[in-house]
Amino acid sequence: MSYLPKFTRPFFWDVDFASLDTEADYYFIIERLLEHSDDKSFFWLLNNYSDGHLKEVIKNSRSLSHKTGYFWKSYFGLKEGELKCLQPPFHRAASRSWNE
């Protein structure tokens with residue numbers, strides 16, 4: 001089990017920090033640090049996870065903000081349609097309401 005460095009603790013305020021495993025919890029850790037981090041934590045993230053792991057989270061997370069999504073879209077040269085965080089929410093996808 002690999003643990004997160006202590007300087008990342010402020011970004012995991014809502015979970016049991018000591019129980020986070022950098023391998024088993026990679027998706028959650030990457031998602032959180034992509035959205036909330038400082039320079040030191042950001043560079044730790046880039047140095048400790050592969051581009052493949054980063055792209056997996058960037059493409060599949062609906063929790064990332066548009067701002068974060070557009071940054072990583074540009075960084076990795078991805079297409080907007082590949083990122084779920086840049087897609088409209090399901091509840092807005094249909095233009096018709098139940099009353100029509």
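Quick housekeeping. This is a predicted model, so local features need pLDDT of at least 70 and side-chain atom pairs count only at pLDDT 80 or more, while totals for chains, interfaces and linings use all residues. Residues are numbered from 1 along each chain as its sequence is written, and side-chain values use heavy atoms, with hydrogens and water left out.

Okay, the fold. The chain has five helices and zero strands; these are DSSP runs numbered from the N terminus, H or I of at least four residues for helices and E of at least two for strands. Of the 100 residues, 32% count as buried, meaning under 20% relative accessible area, with exposed over 50% and partly exposed in between (1.4 Å probe, protein chains only).

Now, how do α1 and α3 meet? The axes of helix α1 (residues 26–35) and helix α3 (residues 51–60) come within 10 Å and cross at roughly 70°. Those axes are lines fitted to C-alpha atoms, for helices over the stretch in contact, and angles run from 0 to 180 degrees between N-to-C directions. The two helices are therefore roughly perpendicular; that label covers 65 to 115 degrees, with under 35 roughly parallel, over 145 roughly antiparallel and the rest oblique. On the α1 side, the contact (heavy atoms within 4.5 Å) is made by Tyr26, Tyr27, Ile30, Glu31 and Leu34. From α3 come His53, Leu54, Glu56, Val57, Ile58 and Asn60.

On to the aromatics. Searching the whole structure turns up 11 aromatic pairs: rings of Phe, Tyr and Trp (its six-membered ring) with centres within 6.5 Å, called stacked with planes under 30 degrees apart, edge-to-face over 60 and tilted for the rest. Tyrosine 26 and tyrosine 27 are edge-to-face, 6.5 Å centre to centre with 75° between the planes. Tyrosine 27 is partly exposed, at 26% relative accessible area.

Phenylalanine 42 and tryptophan 72 make a tilted pair, 5.9 Å centre to centre and 40° between the planes. That pair links distant parts of the chain, helix α2 (residues 39–48) and helix α4 (residues 66–76), with the partners 30 residues apart. Tryptophan 72 is buried, at 2% relative accessibility. Both rings belong to one aromatic cluster, along with Phe43, Phe71, Tyr75 and Phe76.
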